[in-house]
Structures are given as C-alpha cells and as structure tokens.
Amino acid sequence: MAAHRKPRQRSLSGNTARTAATLALAGAATATAFEGTGNAEPQLTPAQVKAKVDQLYQEAEEATQKYDGAKEKADTAQRQLKSLQDETARAQETFNSARDALGSIAAAQYRDGGIDPAWQLALSSDPDRYLDDAAFAERAGDRQAGAVARVRQQLREIERLRGAAHVELTSLRSRQAELKREKTAINGKLGEARQLLDRLSPQQRSAVAAGDGTGRASRSAPDARAPLTADSVAATDSRAAAAVAYAYSKLGSPYVWGATGPDAFDCSGLAQAAYRSAGVSIPRTTYAQIDAGRRVSRSELQPGDLVFFYSGISHVGIYIGNGEMIHAPNPSAPVRIAPIDEMPFAGATRVV
C-alpha cells in the first residue's frame, strides 16, 4: 500500500519563493519596457511639429475648398428646388381652378339629361329660339374642348415640374452627403493639428503660430513700423483699392473654415467678401477664383491682385504691394499681413 502513495509535494522554501518572484517581476518589467519602447511615439521638435501642423492645415484647407464648392452647389440646388416647388404650387392652383370649371360643365350636362338635339328641337315651344341656343351651345362646346386641352397641358406641366424638382432634390442630397464627408475630413485634420500643438509649451505654440516658414513674423494688425497702410496702397483700379481697404479693415478677424464674413473668414471667403464690398462678384473657391480674371505673372503684381499658393491652388491672399498680402491663414492665426513667399506660389489673377 505504501508503494501506491503519492509523494508529498515539497513546498518552496522562503528563499526559493522570493527568488522566483523576483525573476517573474523582473521579466514582466523587462517585457513592459520593451513593449513601451516599441509603442512610444517619437518626441518631435517644435520645428518638426510646425512642419507637420502646416501640412495638416494645408490638407484641411484643400478639404475646406471642396466643402465651400459643395456648399455653393448645395445652396444653388436648394434655391432651384424651392423655385420649382413654388412654380408647381402655382400650376397646381391653376389646374385645380380649370378642373373645377370643367366639373361644373359636366354637372350641368348631367342635369340636362343629355337629350338628343333633334328631339330638343322637335319638343321646343320656340324652335327659332332653340336654334339660337343651339348655336350658342356649339360655340360653348368649342370653348369646353379648349378648356379640356388647357387642363391637359397644365397637368403635363405639373408632371414636368415635379420631375425637375425630383432631380434637384437628388442633387441636393448628393451635395449634402459631400458636405458631410468634407466636414469630417476638415475636422479630422484640424483635430490632429491641435493634438500636435498641445504637446508644445505655450511659448512654443506661440512661436509656431507666429512663424511663416521664412523666418519672418506675419502681422495680424498694422503697427507704427509697418511700411504699408490701406491709405498708402495705390491700386490701378478703384474697385481693387476698395477690396484692399476692406481686407485691411478685417485684420485680426478669426479664421473659420466655410466663413465669408463679416466677422470671420476662410481664405477664399475673405477674397470673395473683399471684392463683394467693392461691387464685384467672384466665385467662392480658390479653384474658380484663379480663373475669375486675367492671369498675371509674379513680376506684374499690383495691389488688389489675388495670389494663389500650392500646386492644388488651395490657398489665396490679396496682394497689397511690396511682396506682401493680406490673407486668412488657418485656425491658428487670424487674418493678417504676410509675405507672399511664405508659401509655394502657384499663380495670380487680376480681377478688375
């Protein structure tokens, strides 16, 4: 029987147990350290953060221009749909009136019993008068036939208007879906930029916001040392001068994507608002604004010209002379004066 007994488990001695625990903790710590090393994000320098943030802002601005274009088309579709709906309602009212008139004629015929005209002539106590009445009835019948034709035409017109309204409604829904996509893209880029900036100290964030990529600081408002003022800028056209003056008056206004003023702007919104104040209508997006006037070279620039940047034509400013412009940069900075060489120059156009 003793041979069948299980050997008694030997418990770990105090020293052995402590040694095992120590090794286990050391192994866990080593694994955690390696895991942390593998997943830790590299620490970016302020310069690297600025470069990445600038890239994100540029991508957000590209999405903003797409948003602006989609919104413009959605607004147009909305207006056209409203106009078609109003026109359909008016046509429906006209149709209802004509249909009611035909209903009255039909009811009168039913009351007369539809007696054959020959019998009505034979039974009439005054045949001469009946013949006169019959001629009148014939003319009335011609008018009735015309009324029926008009009602049918009105009904066809209503169906046409309803079909056109359906097309506009489909277009509107498509534009609204596009707006939602671009809005999501913009918010994603701006959120990522904010996360990067939050890693910097307040002083570093201020330096990043103030820098323009060329070592010179942009100005959010004119100061005593500024060589240019709205009054000193000479434009060849009074409307261009008015646009420049408007831009000066908006220095310090916040950047808000999709905004066209009067208190906040995105880059193309500022350009559009400035020329609108001068009585000139230009398109909403940078892609269309660059074709809104006559193209000019960089060496030909005059105050009031629109200057565009990046290969995708995603940013615009208003040239004010001496190599400087007024523009709405991005959410980190308000409307301000900046050198045109702070971004890759893509072209310019003279609106007036």
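Contact means heavy atoms within 4.5 Å. This cut-off applies throughout the legends below, which describe a predicted model.

Figure 1. Read along the sequence, the pattern is α-α-α-α-α-α-α-α-β-β-β-β-β-β. The protein has 352 residues, and 34% of them count as buried. Take the contacts between residues at least 6 apart in sequence: 67% of these join residues at least 24 apart. The close-ups that follow pick out single places in this chain.

**Figure 2. Helix α6 crosses helix α7.** Helix α6 spans residues 238–249, and helix α7 spans residues 267–277. Their axes come within 7 Å. The crossing angle is roughly 125 degrees. That angle makes α6 oblique to α7. The crossing is right-handed. On the α6 side, the contact uses R239, A240, A242, A243 and Y246. On the α7 side, it uses A273, A274, Y275 and S277. By type, the residues of this contact divide into seven nonpolar, one polar and one charged.

**Figure 3. Helix α7 is largely enclosed by the rest of the structure, because nine of its eleven residues are buried.** The buried residues of α7 include C267, S268, G269, L270 and A271. Q272, A273, A274 and Y275 are buried in α7 as well. Just after the helix comes G279. Its phi is positive, at about 80 degrees.

**Figure 4. Y246 is a residue of helix α6.** Is Y246 buried or exposed? Its relative accessible area is 17%, so Y246 is buried, as the cut-off for buried is under 20%. Leave aside residues up to four places away in sequence, and Y246 touches P262, F265, A273, A274 and S277. Look at S277 in particular. Y246 and S277 are 31 residues apart along the chain. Their C-alpha atoms are separated by 7.1 Å.

**Figure 5. A cis peptide bond leads from G261 to P262.** Omega of this bond is near 5 degrees. Most peptide bonds are trans. P262 is found in the loop between α6 and α7. P262 is also one of the residues that Y246 touches.

**Figure 6. T349 sits in strand β6.** The strand covers residues 345–350. T349 has 0% relative accessibility, so this residue counts as buried. Which backbone atoms does the side chain of T349 reach? One is the backbone nitrogen of G293, at 3.3 Å. Another is the backbone oxygen of R294, at 3.3 Å. Not counting residues up to four places away in sequence, T349 touches Q289, I290, A292, G293, R294, R295, V296, D305, L306 and F308.

**Figure 7. I313 and N322 each have a positive phi.** Most residues other than glycine have a negative phi. Start with I313, whose phi is near 50 degrees. I313 lies in the loop between β2 (306–309) and β3 (315–321). With a relative accessible area of 17%, I313 is buried. Now turn to N322. Phi of N322 is about 55 degrees, although N322 is not a glycine. N322 belongs to the loop between β3 and β4 (324–327). At a relative accessible area of 60%, N322 is exposed.

**Figure 8. P329 lies in the loop between β4 and β5.** Strand β5 runs over residues 336–339. How much relative accessible area does P329 have? The value is 7%, so P329 is buried. Which residues is P329 in contact with, leaving aside its neighbours within four places in sequence? They are E61, Y255, H315, P334, V335 and R336. Pick out H315 from this list. P329 and H315 are 14 residues apart along the chain. Their C-alpha atoms are separated by 8.3 Å.

Definitions and conventions. Residues are numbered from 1 along each chain as its sequence is written. This is a predicted model: local features need pLDDT of at least 70, side-chain atom pairs count only at pLDDT 80 or more; totals for chains, interfaces and linings use all residues. Side-chain values use heavy atoms; hydrogens and water are left out. Axes are lines fitted to C-alpha atoms, for helices over the stretch in contact, and angles run from 0 to 180 degrees between N-to-C directions. Helices (H or I, at least four residues) and strands (E, at least two) are DSSP runs, numbered from the N terminus. Angles under 35 degrees count as roughly parallel, over 145 as roughly antiparallel, 65 to 115 as roughly perpendicular and the rest as oblique. A crossing is left-handed if the near helix is turned anticlockwise from the far one by less than a right angle, and right-handed if clockwise. Ala, Val, Leu, Ile, Met, Phe, Trp, Tyr, Cys and Pro count as nonpolar, Asp, Glu, Lys and Arg as charged, and the others, Gly among them, as polar. Buried means under 20% relative accessible area, exposed over 50%, partly exposed in between (1.4 Å probe, protein chains only). A polar contact is a pair of N or O atoms within 3.5 Å; within protein, one must be able to donate a hydrogen and the other to accept it, and residues adjacent in sequence count only if both atoms are side-chain atoms.
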